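Here is a brisk tour for a reader new to this structure. Please keep the sequence and the 3D view open while reading.

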Amino acid sequence: MHRFNYYKTGMLTKANGEFLLENVPVFGQFKLVVSVVGFKSYEQTVSFDIKPGGGGADMGALDKDLGNIKIDIEEKVLDNVTVTASKPGLQLGIDRKVFNVDKNLVSAGGTAVDIMRNVPSLSVDLDGNVTMRNNSPQVFVDGRPTNLTLEQIPADAIESVEIITNPSAKYDASGGTAGILNVVLKKAKRVGYSGSIRTNIDSRARVGFGGDINVRQEKINFFLNANMNQRKSISTGNTDRTTLIGTPNTFLQQQDRNVQLGNFMFFRAGFDYFLDNRNTITLTGNIGRGRFKPTAESDILIDSLYQVVKSAFSERFSNSNSRFNNGGAMLSFKHNFPKQGEEFTADVNYNKSNNSNANYINTDYYELPGNLYTGNFKQDQIGNGTNENITIQADYTKPLKEKSKFEIGIRTQIRKVENINNFFSYETGSPLFNQLLSVNYNSTDNIYAAYGTYSNQLKSFGYQLGLRVESSDYQGRLPDKNQVFDIKFPVSLFPSVFLSQKITETQDLQLNYSRRINRPNFFQLYPFTDYSDTLNVSRGNPNLSPEFTNSIEIAYQKTFKNKDNLIASLYYKNTNDLITRFQEKETDPSNGKDIFVNTFINATSSYITGFELVSRNKMTKWWEMTTNLNLFTSKIKTGIAGVEDQDPILSWFGKLNNTFRLPKNFSIQLSGEYQSKTVLSPNSGGGGRGGGGFGGGGGMFGQSTSTAQGFVRANYYVDAGARFEFLKNKQASISLNVNDIFRTRRQNIYSESPFFVQEVFRRRDPQILRLNFNWRFGKFDANLFKRKNNKNQGGDGSENMNIGQ
């Protein structure tokens with residue numbers, strides 16, 4: 001029987017499983033105990049083999065190497081399902097917020113847009129356009145650029161959403177006046193297998209199916225996710241506009257109804273290959289496709305404002321067929337060095353999408369009174385395009401001391417876009433190609449970047465200094481017209497400074513500064529004039545310059561005893577050469593009449609300043625509440641003679657998300673948002689990407705907020721969801737969600753310019769119910785594909801050593 005000396009010490013191992021216990025007495029025997037959740041406990045007797053009085057002993061024996069210690073999986077931890085620790089719906093950090101999707105009942109069966117409506121700091125309009133603090137953020141998927149739009153990503157494929165309001169120099173400098181919105185897709189690394197199967201149906205009889213599976217054995221981690229969803233979207237609206245160009249002036253009243261039928265699918269698969277406990281290779285691929293058939297009906301009444309009013313009425317009908325296909329792949333490599341925190345990563349990310357659209361427009365004209373038929377106009381618009389994007393990136397992190405490190409990285413992004421829009425009219429009864437309005441356009445833009453950051457912690461004070469260098473070039477081509485647009489954006493520097501002070505164990509204060517760029521996107525540079533809606537003509541501007549934004553933010557975080565969180569932020573952003581919408585008067589080449597064209601310009605400058613509160617509170621054991629309040633004001637200086645700057649408006653919006661955990665495995669979520677009267681967003685969004693989507697022509701008139709003068713009227717809505725979990729370990733669940741319970745979500749925009757005064761009211765898809773079913777399965781088993789009597793598991797010890805992975 002061994003007699004053990006009483007001495008106690010311990011530590012957590014490093015990521016590669018290494019550990020070092022210091023100041024252990026050299027005499028006597030000791031027991032080493034290794035315990036890891038999900039693994040069998042391991043015990044070993046340890047001694048230095050030195051007895052008291054044993055002078056002259058080899059001092060090298062005072063360092064004892066225990067070799068590779070192998071620990072075994074505890075196979076009986078779970079019977080047939082993997083249970084993980086419950087994450088809170090919102091994780092708050094002083095530099096970012098992480099929104100966990102599995103806690104969000106109201107978005108189940110929907111798209112990424114439905115998720116964003118519940119994320120703090122974000123606002124979503126009727127068309128799914130997302131803004132962060134009143135500006136468009138840079139959207140990433142798994143930390144990399146994508147051709148997918150948010151409406152093309154199923155909500156059930158998303159693990160979490162990260163919101164970074166003021167990114168450091170380590171991140172892409174694009175995104176301008178907003179931050180980064182990173183969509184993290186589902187992927188597990190649990191040993192054994194796990195997954196889920198789900199289906200849903202909504203109140204418009206549209207169905208959805210999906211499933212995912214993850215299998216990890218030894219050196220391979222395989223994951224797969226597939227989703228298919230049908231959609232029926234209905235939007236209605238009306239527009240009142242007085243046009244102040246031409247003779248006479250006119251007053252227009254328009255009623256619209258859009259119906260869009262379609263479906264989209266999303267498939268993602270990949271694997272991690274663990275070469276050893278320090279090196280991992282990951283290959284991921286995704287495929288998306290969509291088919292849509294939108295139709296639009298518009299009744300238009302126009303009064304000519306003569307002294308004696310003359311009226312005309314027209315009925316316009318558009319019928320479209322649109323589709324998109326998207327494919328992407330990412331190959332990445334990660335190496336962990338023996339020194340804790342030191343790592344090297346490299347990846348190549350490739351995306352390619354193509355889309356096509358055929359839009360048929362028919363307009364019948366009548367003269368009032370009497371509904372006298374006066375004529376007909378028919379037009380076809382046929383377009384297609386491709387969007388190809390490749391990103392190459394490498395990053396290296398080097399710890400210098402225990403609390404300091406240095407990070408460097410390089411990045412290259414190459415994007416190619418090809419787009420063709422052909423117009424056909426029916427003046428002769430058969431389709432006639434209109435070369436004047438048709439355009440064949442393609443472009444290439446390249447971005448080259450490198451960064452370095454240094455961070456250090458001095459007791460309770462921490463700081464990070466960073467510098468990013470970026471250069472880019474853009475070339476647009478009109479092959480049919482032998483025109484080329486070359487834009488060379490010079491090398492630009494983007495510094496960042498982050499200072500943090502830990503006031504107490506539960507209070508932190510951070511001050512940060514960054515400089516960012518917003519390059520004009522494809523549609524803003526596109527010189528094609530879109531006449532598909534003769535009452536809403538639009539065109540890009542190839543002479544746009546990038547906009548530069550300087551951002552300062554101070555944030556305070558308080559963590560309470562019950563783990564409640566409160567973050568208060570004060571922010572200020574100043575932008576020079578702001579890209580904003582503008583209108584100019586031109587002559588329509590087809591009929592010689594005066595029209596106004598919606599385009600883009602560089603305004604002189606703009607600013608936005610605001611105060612934001614985000615809190616997560618556990619009101620009771622069964623009630624958790626997340627609150628978001630954002631108070632802000634903004635102003636745009638156009639710098640154009642004859643155009644007055646709009647007076648700033650003090651605006652605010654609030655979000656409230658309540659989760660109630662009831663007895664018998666029931667839970668309820670109730671969320672709502674209120675948006676006050678707000679100045680029109682400049683719609684910059686240079687981070688936007690093309691690549692198809694739900695588009696399809698026949699858009700409702702007035703969707704474009706095409707002036708720096710105007711505002712959006714107040715708006716509010718309430719969504720709700722309920723879930724019941726059943727079977728052993730809550731493997732299955734049924735949930736029901738409904739959006740816009742009180743039918744109050746709408747868009748009401750007032751805008752004006754020297755050429756018109758306009759008011760637009762729209763409503764889309766209120767009070768949609770969706771019933772969802774989900775079944776989870778899994779087993780925590782390291783020997784899934786092995787004979788149970790095979791004791792030679794992990795012969796190289798890599799799986800057993802990698803317990804901290």
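## Strands, cores and charged pairs

Thr529 stands opposite Arg539 in β24. This pair comes from a predicted model. Two bridges join β23 to strand β24 (residues 537-539), and the two run antiparallel. Both strands belong to an open sheet of four strands, in the order β23-β24-β28-β27. The pairing in that sheet is mixed. Which strands stand at the edges? They are β23 (529-530) and β27 (579-587). Each has a single partner strand, so one side of each is left without a neighbour in the sheet.

**The whole protein**

Now step back. The protein has 805 residues, and buried residues make up 50% of them. Its secondary structure comes to three helices and 39 strands. Contacts with a separation of 6 or more were also counted, and residues 24 or more positions apart account for 69% of them. The protein exposes about 37700 Å². Carbon and sulfur atoms supply 56% of that area.

**Antiparallel partners**

Strands of a sheet pair through backbone hydrogen bonds, either parallel or antiparallel. Look next at strand β35 (residues 715-726). It pairs with strand β32 (residues 666-675) in the antiparallel sense, over 10 bridges. There, Phe666 stands opposite Phe724 in β35. β35 also pairs with strand β36 (residues 732-738), again in the antiparallel sense, over seven bridges. Ala722 stands opposite Leu736 in β36. The hairpin of β35 and β36 has five residues between the strands. In this hairpin, Leu727 takes a positive phi near 70°.

**Positive phi in loops**

Most residues other than glycine have a negative phi. Ala205 is not a glycine, yet it has a positive phi of about 65°. Where is Ala205 placed? It is in the loop between β10 (192-202) and β11 (207-217). Ala205 has a relative accessible area of 48%, so it counts as partly exposed. Asn371 is not a glycine either, and it has a positive phi of about 50°. Asn371 is found in the loop between β16 (343-368) and β17 (372-401).

**Nonpolar cores**

In soluble globular proteins, nonpolar side chains tend to be buried together. The largest nonpolar core here has 27 residues. Those with the most contacts inside it are Ile115, Met116, Leu150, Ile158, Val161 and Leu181. Which elements give two or more residues to this core? They are α1 (112-116), β5 (122-124), β6 (130-132), β8 (158-164) and β9 (180-185). The largest share, four residues, comes from α1.

Take Ile158 and leave aside its neighbours within four places in sequence. Ile158 is in contact with Val101, Ala112, Ile115 and Ile153, among others. Its contacts also include Val183, Val184, Leu185 and Lys186.

**Charged pairs**

Side chains of opposite charge can pair when their charged atoms come close. How many salt bridges does a search of the whole structure find? It finds 26. Three of them are set out here.

| Salt bridge | N to O distance |
|---|---|
| Asp114 and Arg117 | 3.3 Å |
| Glu612 and Arg133 | 2.7 Å |
| Arg198 and Asp212 | 2.8 Å |

Start with Asp114 and Arg117, whose side chains meet in a salt bridge. Asp114 is partly exposed, because its relative accessibility is 24%. Arg117 is at 13% relative accessibility, so it counts as buried.

Next come Glu612 and Arg133, whose side chains also meet in a salt bridge. Glu612 lies in strand β29 (residues 605-620), and Arg133 in the loop between β6 and β7 (138-141), so the pair ties together parts that are 479 residues apart in sequence. Both residues are buried.

Arg198 is buried, and so is Asp212.

Some salt bridges share partners. In this way Asp127, Glu151, Arg204, Arg762, Arg764 and Asp765 are joined into one network.

Conventions: Residues numbered from 1 in each chain as written. Predicted model: local features only at pLDDT ≥ 70, side-chain atom pairs only at ≥ 80, totals over all residues. Heavy atoms only, no water. Core = buried A, V, L, I, M, F, W, Y, C linked by side-chain atoms within 4.5 Å. Buried < 20%, exposed > 50% of the residue type's maximum accessible area, 1.4 Å probe, protein only. Contact = heavy atoms within 4.5 Å. Pairing = 2+ DSSP bridges. Areas by Shrake-Rupley, 256 points an atom, 1.4 Å probe, with all protein chains shown as cover. Salt bridge = Lys/Arg side-chain N within 4 Å of Asp/Glu carboxyl O.
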